[in-house]
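Student: Could you take me carefully through the ligand site of this model, and then through the backbone features that you would look at next?

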Amino acid sequence: MTEQSSLELEENAGKENQQGPVTCLGLTFENDEVRRAHFTEELRKKLQDPEFRKIEGFPIGSDEDILNLSDPPYYTACPNPWIVDFIAEWESAKCKVQSAEKPNAPCTLHPAPYHREPFATDVSEGKTHPLYKAHSYHTKVPHLAIVPSILHYTEPGDIVLDGFGGSGMTGIAAQWCGSAPKDYRTTLEQRWKTEDHAAPKWGLRHCVLNDLSPAATFIAANYTLPFDVRAFSSAARKLLNEVENELGWMYKTLHTDGKSRGRIEYTVWSEVFTCPECVGEVVFLDEALDDASKKVADEFPCPHCTTLLNKRNLERRFNTSPDSKLSDTWKHVTFRPILISYKVGKQRYEKAPDAEDLATIKKIADMPFPEEVPSNRFPIEAMYHGSRIAPKGFTHIHHFFLPRAAQALGTMWRKATAHPDARIRHMLMFFIDQGIWGLSILNRFGPTHFSQVNRQMTGVYYVPSQISECSPWYSLEGKADRLPKAFQSNYAHPSGVITGTGSTACLQTPNQSIDYIFTDPPFGENIYYADLNFLVESWYGVLSNANAEAIVDKAKKKGLPEYQELMRRCFAEYYRVLKPGRWITIVFHNSRNAVWNAIQEALQAVGFVVADVRTLDKQQGSYRQVTSTATKQDLVISAYKANGGLEDRFRLTAGTEDGVWYFIRNHLGNLPVFVNKDGKSEVIAERKEYLLYDRMVAFHVQRGVTVPLSAAEFYAGLAQRFSERDGMYFSPDQTEEYDRKRMTVQGVEQLTLFVSDEASARQWLREQLRQKPQTFQELHPRFMKEIGGWSKTETPLELSTLLEQNFLRYDGKGPVPEQIHGYLSTNWKELRNLPKDDPTLVAKARDRWYVPDPNKASDLEKLREKALLKEFEEYKQAKKKLKVFRLEAVRAGFKKAWQERDYAVIVAVADKIPNIVLEEDPKLLMWYDQAVTRMGGV
Ligand SMILES: C[S@@+](CC[C@H](N)C(=O)[O-])C[C@H]1O[C@@H](n2cnc3c(N)ncnc32)[C@H](O)[C@@H]1O
């Protein structure tokens, strides 16, 4: 599609929602309401089909609630049955555009050759963009961080998928490619030019979004479907005004001058405790808050008996009140209003609640609880954070709202959901649902914070001892101003993004129909999405089906293996729907290494080949991320689905040397050739021999094919067939490109290697000796510094052993080896042009260790492998669990056992080593998973 046609699409964006005939999936309707009514009836019929409702991850909700939330066929709050139709329509449109503009160009149904390298820049931009901020969601990836990846991997009209789509940022990014403002385009084009990147092709990309959570997909759909911004803006204003007219009296307070009336912005409530010594009542904030410094003290004296009190020795004071929603009594911790922040005119004031304020609060508490506020029970027993809320008495949705907040939210929800225009109705719900957390008792009072809006702790249900009960206007007025501005660029296209709700393990997408996948999957146990979304989804009446959630959660009896299996099934779907030769980008947030390994293993197990792993610098972490310990940075993983040619050829040559080199040649072709990192050539880890070996082994193993070469043979063959530059390997045409670009920069940016075990120590030594052959004495002090973080379970190894098993020492006999000669003659003027047996040169070279040439390395490697397998034999015989062992020996033993189909040995030795080692080592995990699968599960 040309720029011109994509621009035409932009101009049309948003118009489909206006009055007048609209076309959708080949049908023409009088207007958009009629289109919606038609497809709603179609969806209603579908919902009555029991087979449809059996699809994995189908949300929990009545037909009517699902229909109310949906905007079919573009968005369904259940699996979207129209995805196949849209994809067919998009593909044939692409064909038509191509053949009209370039009659001789191949159509996409008979695709042109496609080639891309992994996109090798970090994505960390866009957190302050108004669109990103228009609606919050847990762990959002900004759309502007995704746009460059989509532009890189796809052409206009291509189809992008995100199965863990969350708030729909990938969908916005896909549309943004067609509607980005001029200044954005210019900046990106200039940046890419300086990075030597081919110019982007602007134009709309289509996108299929999916998520398990209806809360997420509802946000995503509203973000990506066009609407009349002006109509929404006035509807939002009207709604707030009407609520003010009806409920304004609840937020009026008498100013301290005794005459004027103020408008309450927020009321601070404090939890009430009991002193453990004198049983006197302690209003927490009255005692703990220092008015002058605004600090909350950890410890303070009891106002009655002066005993020192803190959160650990204070006793909760429970109150039992009628629960009209449940027609029962309700026992819960006690809160009391202690401070009111209000405005008279433009001036802000604070005061303690007076008798009139307390009477108003009492009057509201006596009113019937609004019908709109849901009263369903949290699945406490199956929730990780259940133990944080239930002991305080908060078990049902309505318990989370103080009476006045419940009246406000209930009224706003009633008005939003009653709006006659479905599209505006949905946008009003999108607007109001942002107040649900912030108007609940989860909203912490921050004495030093200027704003009290949406101050809940993220990623967790935490009821604080100090609450800010905000007024609806204080909470939402700003949003009502900002939303129309954020959406005014009108980037959305009527059938640009299609959204469905269900599990990615069961996508409604045809085979090989997707051009690119960008995805940010749930990462283990950091964020409990289904639980967290329960609060908002209860208002919709459509809940996430938590059974299908890919998560590590003890409360749901899901451990790492269950998570890995769920991820494997989701990735298998990704693999199925992606076109061969195409790419997937996976964002992984910092978490335990074991979770990262589970993701990698799942990804490779279904057939993807990893080609690049990079860090993603996200400045603000959510609650769980900041406290998690492992990998400090977020990662971006680029992997590809081997093209049909590679798979076919590999099938024919599988298990032979030819197969290995065919894979490597193909794989090198998929790796970046040159990365300019701050004016230096960055060492591309994936081009290092050990990673190439690992990828080759994984490719074989995941396809159940014997690996025909040992590491030593592989390294020798690699050096024979490919050129080495700066410790990386290149195919002939890439070598020429690398050399050319390398001349334009100053030096090489080496990889940072952390030495923690034998394998990393070998790599570290290899790097040191490759750059400079050194003596033991030179190496030793630096080696000792590096091994500070040696793993507790790894057998300690002397430097001398590592050197002897992996490298060669020049003992002064015979000519000086090339590797040492080259180094000395480059660095010492006086040693230049000397014959290799010159005594001065020999003296300088003696006792230096160096990296052997590939043939000698092969001999060494064989000896080492023998030693490792001998050690593995001991592990096999061991009767007890292994506490300290040589991981390399276990890896070598597992590989041999797998080749010999001795799966029982793998499982038996795996049982002897600590679980954490198995989970955190990608190679062991691969062999182990393979063995378990082949034994039919253990
Ligand atoms: C890290 S979040 C994605 C956030 C997204 N990048 C954004 O910007 O909003 C992961 C999402 O995966 C969803 N999820 C968990 N298990 C799933 C499954 N089996 N199928 C589909 N989605 C799932 C969660 O509901 C959550 O929204």
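Tutor: A residue counts as near a molecule if one of its heavy atoms lies within 4 Å of it. By that rule 24 residues surround the ligand, and the closest are Tyr137, Ser167, Asp211, Asp520 and Ala548. The model is predicted, so that local features need pLDDT of at least 70 and side-chain atom pairs count only at pLDDT 80 or more, while totals for chains, interfaces and linings use all residues. Residues are numbered from 1 along each chain as its sequence is written, and side-chain values use heavy atoms, with hydrogens and water left out.

Sorted by class, the shell around the ligand holds 10 nonpolar, 10 polar and 4 charged residues, where Ala, Val, Leu, Ile, Met, Phe, Trp, Tyr, Cys and Pro count as nonpolar, Asp, Glu, Lys and Arg as charged, and the others, Gly among them, as polar. For the contacts themselves, a pair of N or O atoms within 3.5 Å is a polar contact. A polar side-chain atom of Tyr137 lies 2.6 Å from an oxygen atom of the ligand, whereas Thr504 places a polar backbone atom 2.9 Å from a ligand nitrogen atom, and a backbone N or O atom of Ala550 is 3.1 Å from a nitrogen atom of the ligand. Taken alone the ligand exposes 600 Å², of which the protein buries 99%, with accessible areas taken from the Shrake-Rupley method with a 1.4 Å probe. The space taken by the ligand is the largest cavity, a cavity being a set of points, on a 1 Å grid over the protein atoms alone, where a 1.4 Å probe fits but cannot get out; a molecule sits in a cavity if more than half of its atoms lie within 2 Å of its grid points.

Now to the backbone. Strands are DSSP runs of E with at least two residues, and helices are runs of H or I with at least four, numbered from the N terminus; two strands pair if DSSP finds at least two bridges between them. Strand 11 (residues 318-323) pairs with strand 12 (residues 328-344) in the antiparallel sense over 6 bridges, and Asn319 has His332 in strand 12 as its bridge partner. The two strands form a hairpin with 4 residues between them, and Ser327 in the turn has a positive phi of about 50°. Thr306, which is not a glycine, also has a positive phi, of about 65°, and lies in the loop between strand 8 (300-301) and strand 9 (308-309).

Methods:
Polar contact = N/O pair within 3.5 Å; in protein donor to acceptor, adjacent residues only side chain to side chain. 1 Å grid on protein atoms, 1.4 Å probe; cavity = no way out; pocket = protein on both sides within 12 Å on 5 of 7 lines; lining within 4 Å.
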